[in-house]
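Have a look at the structure first, and then we can walk through it together.

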Amino acid sequence: MHQHRAMLYKVCNLYCSSDYDKQDLFQEIVIQLWGAYPRFRGDSKFSTWLYRIALNTAISDLRKQKKHIKTVEPESLPTEIQDIQYNNEREERLQQLYKAINHLTEIEKAIVMLYLEDKSYEEMEDILGINQNNLRVKMNRIKEKLRKLTKSVEHGVG
Amino acid sequence: MELDSLKDLWKNLDEQDLRPGKEEVPILSMLQKRSQSTITRLKRNLNRELAALLIIYTLTIWYIITYQRLYWELALLLFFVGLAFLFYYYHKNKLLKQMQCVACEVKSNLKRQLVTLEKYVRFYFIAGTILTPLAYFAAGIIILMDSPVTASLNDLPSDGSTVAVSQIPIVNHITNSRFFFLFITIGVGLTISTYFLNRWLINKMYGQHIQKLKELLYQMEDVD
C-alpha cells in the first residue's frame, strides 16, 4: 500500500478539490482495497486491480464534495527565492494541467490519468472496460479539448 | 499544452507533492474508521430499519399480550408481518450485496450498479406501496373480527335452518357500520398517499444517483 500511495493521491487530486475531500476519498479507497484484498486472485496485474478499485471508488461512489475553508500553514510557505522559482515553474505547469483536467468529465479524467501514467491501451481497456479503438478516439478528443482549454486558460477565459 | 510533454512531470510527482494536508495519516488508523460509501450507508440504514422494527415488534407484542390478551390473532399477525418483513429485508440485503464490484472493470461496475439500483428502487417502491395499506387492512380486520358483535355468532340458530348472509352478525356489523366506510375511506386515502409519497421519496433519495450513473455510462459508450 505504501508503495502505491502516490498513485492513490493522484486519483484523489483529480476527483476532489479540497484537502478534506481528498483525504476522505483516500481513506475510502484504502478501506475498499483492504476489503477487496482477500478476494484478489492474481487474475490481473496488481496495478490493474489497484487502479480499478481506486477509480471505481472515485467515479461510481459519487460522494458529495463538502465546502471547507482552505488554510495555509506558515511552515508550508517556501523559504528561499531559488525554491520559489523552481517550484513556481513546475507548480505552474502542474496547476495548469489540473485546471484543464478539472473541465473534463469523470471518465475523461480517468483516461487522462492512465495516459499520463503511461499505461498501454490494452491495460487501459482492462481497467476501464472500454475497447481500445474507442479509447483511442476518446484520447484524441481529450487531447484536442485540453489544447483548447489551456489556450483559453492562458488567455484568461474560463 | 501538449499532454505528452507533461508525462515526465506527472510521473515524477512524489508523495509530498500530492499528499493532501501536511501530515501523513497512518493507514491503520484509516482502516479503523467506517466506510462512507453509498452502498455501505444503505446497508447501515437497512440494519437500522431492522433494529427499529424489532423494537416496535417487541413493544407491540408486549402490549397485545399484556393489555389485549389476543393470542391467536397475535400469532396470525406475527406470522404474516414477520414473513413479509423477512422477505423484504432478505431481498434488499441481497440486492445491496450484488450492487458493487469494486475490483471489476469500471464500466461493468457502473452497469451493475445501475441495474441493481433500479431493481432495488423498484422493489422499495412496490413493497412500500403495498405493505403499508396491507398492514392497515390486516390490523383493521383483526380488530373488526375481535369486536363484541362476533360474540353474538353463537346466537345464530343451530337447528339447521337457513340464514341470509346479511343476518350473520359480523357481516351485518360491517355493512351497517359507519365505522366500516370510514375504515375503507382511510384505507384508500392511505394507499393513494403512500403511492405518491413513495414516488417522491424514492426520486429524492435515488433519482439523482441513477441519473448520474446513466450519464457516466453514456460517457463511456459515446464515441460519435
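## The fold of chain B

Along its sequence, chain B reads α-α-α-α-α-α-α-α, with 8 helices and 0 strands. Helices here are DSSP runs of H or I with at least four residues, strands are runs of E with at least two, and both are numbered from the N terminus.

This is a predicted model, in which local features need pLDDT of at least 70, side-chain atom pairs count only at pLDDT 80 or more, and totals for chains, interfaces and linings use all residues. Residues are numbered from 1 along each chain as its sequence is written, while chains are lettered from A and ligands numbered from 1 in the order in which they are written.

Of the 224 residues in chain B, 7% are buried (20 or more other C-beta atoms within 10 Å of the residue's own, with C-beta atoms placed from the backbone). Among contacts in chain B with a separation of 6 or more, 71% join residues 24 or more positions apart; a contact means C-beta atoms, placed from the backbone, within 7 Å.

## Where the chains meet

Chain A brings 53 residues to the contact and chain B brings 40. On the side of chain A that touches chain B, H2(A) gives the most, with 10 residues.

Definitions and conventions:
Buried ≥ 20, exposed ≤ 12 C-beta atoms within 10 Å, placed from the backbone. Contact = placed C-beta atoms within 7 Å.
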